[in-house]
Amino acid sequence: MSRIVFICLAAILTDALTWAQVNVEPNTALLNEGDRTELLCRYGRSINYCRIEIPGEQKVLNLSPEWSKTPGFTYFGAGLTAGQCGVSIERVKASNNGQVKCSLGVEGEELSGTIDLVVALRPQQPIIELLSRPNREGYFNEGTEFRARCSVRDGRPPANISWYIDNMPANKRTTPLEVMSSTNDNVELSTSVQEIQWHLSPEDSNRKLVCRSHHQTDRESVPPQEAAYIINVRYAPVHQPDAAVYGLYLEHTAIVNITIRASPQPKIEWTIDGAIVGQGRTDGRYSAYEPQYLGNDEYNVTLAIAGLTLEDTTKIYNLRASNELGLTDYQVRISSSSKPPSSSLDVAAIVGIVVAVAVLVLVVLLIVFARATGRWCFGGKSIKTPTNETQIDKQLELGAQQNHGQNVALLETPNGITLLGASKLREVNGNGNGQQDRFSVERRHHDEDDSFEYGTDRESSVYNPITRPLKSILMSQAAGRNSRNSATDKEDGNENADLLQKGNQLGIPESRFSRWLPKDQRELIEKQAMLLSGRGKSTAPATPPKPQRPPMGTNTTATTPTTPTTPKLPQETEI
């Protein structure tokens with residue numbers, strides 16, 4: 001219950017305050033002299049009358065929608081019954097600056113409201129005051145701390161200040177804006193003050209310092225007001241990088257020009273191969289002219305060389321410029337070239353290089369793609385990389401063609417294949433001359449393809465039925481590994497074991513591979529193995545009878561038959 005009563009009381013109090021309060025629009029009106037404006041006071045209920053007091057006016061305005069008795073001032077609003085009391089001012093005067101008071105009659109009492117009417121008054125012209133004093137000639141020396149103050153007086157409202165150097169923001173250190181108020185003929189006015197300071201350099205010479213004011217009264221037709229001061233700085237000749245003069249003609253008078261900055265005017269002297277030529281003087285072929293003022297503290301310095309030679313273009317010309325604040329040395333080089341050498345590539349060269357690199361990369365990618373996919377110029381072709389296997393195949397084929405089934409023996413070793421040529425066969429048969437004639441040995445790596453060790457077609461991998469394994473036949477005959485029930489094998493067992501212990505003089509050590517050989521080569525190797533092992537005694541052709549020893553004194557010559565001996569096969573060569 002108490003809560004409901006509290007809510008009701010709050011609503012009644014709020015309504016009463018709303019009725020008793022006068023709302024104004026706007027709270028503050030900032031206008032220029034001569035502007036038109038409307039001011040309005042509102043109340044929540046109907047009002048009986050509307051009175052408005054305006055500063056600078058002699059009488060109080062009693063306004064109503066039904067009449068208008070004061071020229072330049074009329075009623076503004078929705079009517080008295082709507083609780084609105086306003087005034088429309090046709091032209092605002094400077095004297096109207098102040099508070100506008102509106103009075104509203106409500107049920108036997110009077111309510112009032114106020115509006116701040118500010119009529120802007122354009123301030124005076126800004127003034128720049130120097131806090132740092134120049135010399136008698138109005139110059140500051142280089143490095144001097146420059147200080148200046150800008151004042152904008154009698155403005156309403158206060159003016160803002162900004163600094164510029166040659167129409168560009170100064171970007172120097174400034175103090176906060178200070179506003180001071182004053183009263184003149186009962187009119188309140190404001191003055192704005194700000195300072196600026198920095199150390200001067202040669203670049204500040206002959207530059208214009210501007211103090212610009214910004215105010216409410218500024219319009220497009222009335223630009224901001226400003227004050228300016230030209231800064232003059234005295235400094236020694238300014239140092240600059242070595243100069244180069246191009247486009248001079250040999251055997252003609254060469255004019256060498258260089259521009260320097262200095263304040264005041266500098267004195268000039270040239271040093272050429274130890275000889276000093278002062279300004280306005282001539283020494284041999286060299287003439288030095290007086291500096292010519294170009295403006296903005298710039299001077300043109302000229303040296304004339306009569307009959308320019310190629311040797312003159314290799315010299316260094318030293319220039320010394322001095323004034324009362326210091327001196328500076330310069331170095332000048334001359335050349336007969338039409339223009340200086342370019343230190344960098346131009347845009348066209350860069351674009352050309354980029355395009356060339358892009359084309360090269362594209363060509364390489366196309367070649368790689370064509371080779372990988374077998375297209376274009378790589379179509380229908382296979383690329384084979386030569387290996388030890390192919391080299392061995394070539395040697396085997398070459399030996400087979402030259403000595404087809406007659407004088408070629410194929411010996412297997414753990415490190416490769418050994419081919420015995422015709423001369424070696426002659427040595428075996430006892431007809432050789434002792435030369436160690438053998439084919440080269442090719443080493444086979446363990447990770448290589450072993451397909452060549454079988455009697456197959458290398459390309460189609462088809463088994464050749466006319467071949468037999470070398471290991472199963474040759475090794476059995478040479479080393480006696482295959483089981484045979486013949487008596488000859490038992491008798492020659494010790495001999496075979498001795499042959500194996502001697503390292504297999506035939507050159508066919510035991511291998512982990514089974515080789516397939518053509519039939520003619522296999523038969524040849526079998527015969528050689530039988531000869532070496534002594535098994536061919538029964539099948540060998542009959543030996544002719546030994547001739548009788550001739551008697552002493554007989555001149556007949558007889559040929560002694562060659563006794564078959566075990567040939568000395570060459571040892572396996574490892575590569």
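Modeller: The second largest cavity has a volume of about 40 Å³. A cavity here is a set of points, on a 1 Å grid over the protein atoms alone, where a 1.4 Å probe fits but cannot get out; grid points are joined across faces, edges and corners, and the volume is the space filled by probe spheres set on the points. By this rule there are 3 cavities of 30 Å³ or more.

Please keep in mind that this is a predicted model, in which local features need pLDDT of at least 70 and side-chain atom pairs count only at pLDDT 80 or more, while totals for chains, interfaces and linings use all residues. Residues are numbered from 1 along each chain as its sequence is written, and side-chain values use heavy atoms, with hydrogens and water left out.

The lining residues, which have an atom within 4 Å of a point, are Leu39, Leu40, Cys41, Ile52, Cys85, Gly86, Val87, Val100, Lys101, Cys102, Gly113 and Ile115. Two or more of these residues come from each of strand 3 (37-42), strand 7 (84-89), strand 8 (98-106) and strand 9 (109-120). Strands are DSSP runs of E with at least two residues, helices are runs of H or I with at least four, and both are numbered from the N terminus. By class, the lining has 9 nonpolar, 2 polar and 1 charged residues, where Ala, Val, Leu, Ile, Met, Phe, Trp, Tyr, Cys and Pro count as nonpolar, Asp, Glu, Lys and Arg as charged, and the others, Gly among them, as polar.

Strand 2 (residues 28-32) is worth a look as well, through Asn32. Asn32 counts as buried because its relative accessibility is 8%, and buried means under 20% relative accessible area with a 1.4 Å probe, protein chains only. Leaving aside neighbours within four places in sequence, Asn32 is in contact (heavy atoms within 4.5 Å) with Val92, Val119, Ala120, Gln216, Thr217 and Arg219.

Of its 575 residues, 35% are buried. Among contacts with a separation of 6 or more, 65% are between residues 24 or more positions apart.

Methods. On a 1 Å grid over the protein atoms alone, a cavity is a set of points where a 1.4 Å probe fits but cannot get out, and a pocket is an open set with protein on both sides within 12 Å along at least five of seven lines; lining residues have an atom within 4 Å of a point. Buried means under 20% relative accessible area, exposed over 50%, partly exposed in between (1.4 Å probe, protein chains only).
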